Amino acid sequence: MLRKHKKLSLLSLGLLSSISLAVQAAPAAQTHVIVAPQCLVDKLADNYTTLSSSESLTLIETNPAGIDALITAKNQRSAIPCGGFMDVTDAWNEYHPKGLTESNRAQSFLNGYTHPKKHLLNKSSNNYSIKYQNQVNQLLKTINPQDIWTDLTHFSDTSKGQFPDRYAGSDNGVKAAQWLKTKIEDMAKANNRTDVTTWTVATGTQYKQPSVVVKIGNSNEPGVVIGGHMDTLNSSWELKPGADDDGSGSMTVMEVARTLISSGMNFKKPIYIIWYSAEEMGLVGSSYVVKDFKNKNIPVDAVLQLDMTGYANQNDPTIWLITDNVNKDLTAYLKTLVNTYVKVPVSETRCGYACSDHASWDKAGFTASFPFEAKFGNDDPYIHTAQDTMEVLSQSHMADFAKLGTAFAVELAEPTA
Ligand SMILES: [Zn+2]
């Protein structure tokens, strides 16, 4: 399995470099600026330039072949988890503080990632206690594992050519975004909810698939965000069903949305359901979503990321809480929510750096958390391949994450009646 994956990655690397040769006339579109842990950069060949490095992170400039190599490196399993990377090209291009030399500019920019500012947006909000047990339990009864399974069957279906991939740079990816948005709009209509609004956030100029944002409720109080990423890698070499990564999280999020929208319940705070684009390409979609929230001054109290909820290693029902790029208090609260409402074992695991879209929120100073399907390294071995199908996934594991997401939404958004 792993050997096969390696071969395919080498193949794709070769093809990508020939593509970049062919489009050399447009150098601007080819340059990517990346923040990554040094251990990941160490696994690259020499197709990059270091702009700056700190004790833990490195800022590099690379090309599409370098991005592909980073994706391959991120997927390699090692005893000490290394982590992922962030494509910060646009943020870097916009970063021109006065009076800095070019090398100081790189150092100062990287410092924003090594020591992100925590602007404590939610200082006033919450003491993270259990307050709405009746309401949560009422909604948990309506969670239907079969719904998640049926939705995921459609979302990861490559056989009828529905979604051969959900790649952020492809028309298939755009279709996946439209499918999610329409599904929510139909759901709101069927439940006579006039307080459900949807919008899309463009993923810069490089990727055509937008992220999809849903707001439940009319209030403008600091909100609760629950999201996953809809995109997969490109299917040019093999199909990309992306059933676990991140079809599972995406359809778990859909089940939370369905539970909330059909509940008839109203909340003091709005709940934002988000499907991010281009997570696989370096958390690109979520960086634009966070920027959109900041530009519109939309306050956010708490963020939950669901990326891979379907693979229960050796049928272990444990929910694992990622400990990096997250808020400690909110992560401790997830533990309380699991113990109170989901009633499965809960444990902690480290992924390294920027393993999913929670890191985009965390970097911008928001309070984020990330529960995961397995101990990091024991997660689904088939992701990023044509074998990332539903065959190895567990309906009940996904339903447990839907329970956690629903409890998170209700307790933090506070039902009004
Ligand atoms: Zn993922």
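Domain bounds here come from an automatic or database domain assignment. They divide the protein into domain 1 (2-114) and domain 2 (133-413). Before you click, note that residues are numbered from 1 along each chain as its sequence is written. Note too that this is a predicted model: local features need pLDDT of at least 70, side-chain atom pairs count only at pLDDT 80 or more, and totals for chains, interfaces and linings use all residues.

**Stop 1: the whole protein**

Show everything as a cartoon. The protein has 14 helices and 13 strands. Helices (H or I, at least four residues) and strands (E, at least two) are DSSP runs, numbered from the N terminus. Along the principal axes, the C-alpha atoms fill a box of roughly 60 × 50 × 40 Å.

**Stop 2: between the domains**

Colour the two domains separately. Their C-alpha centres lie 26 Å apart. Across the boundary, 19 residues of domain 1 are in contact with 21 residues of domain 2. Contact means that C-beta atoms, placed from the backbone, lie within 7 Å. Which element of domain 1 gives the most to this side? Select H1: it gives four residues. By class, this side of domain 1 has eleven nonpolar, five polar and three charged residues. Ala, Val, Leu, Ile, Met, Phe, Trp, Tyr, Cys and Pro count as nonpolar, Asp, Glu, Lys and Arg as charged, and the others, Gly among them, as polar.

**Stop 3: H8 and H10**

Select helix H8 (residues 145-155) and helix H10 (residues 243-261). Their axes come within 9 Å and cross at roughly 135°. Axes are lines fitted to C-alpha atoms, for helices over the stretch in contact, and angles run from 0 to 180 degrees between N-to-C directions. The angle makes H8 oblique to H10. Angles under 35 degrees count as roughly parallel, over 145 as roughly antiparallel, 65 to 115 as roughly perpendicular and the rest as oblique. Show side chains at the contact, including Ile148 and Phe155 of H8 and Met251 and Arg258 of H10. The contact residues are six nonpolar, four polar and four charged.

**Stop 4**

Now select helix H14 (residues 395-413). H8 and H14 pack at about 110°, with axes 9 Å apart. They are therefore roughly perpendicular. Pro145, Ile148 and Trp149 of H8 meet Gln395, Ser396, Met398, Ala399 and Ala402 of H14. Six of these residues are nonpolar, two are polar and none is charged.

H10 packs on H14 too, at an angle of about 50° with axes 9 Å apart. This pair is therefore oblique. Among the residues that meet are Val253 and Leu260 in H10 and Phe401 and Ala409 in H14.

**Stop 5**

Most residues other than glycine have a negative phi, and most peptide bonds are trans. Zoom in on Asp245 and Asp246: the peptide bond from Asp245 to Asp246 is cis, with omega near -10°. Asp246 is found in helix H10. Finish at Ala278, in the loop between strand S8 (271-276) and helix H11 (284-295). Ala278 has a positive phi of about 55°, although it is not a glycine.

Technical notes:
Contact = placed C-beta atoms within 7 Å.
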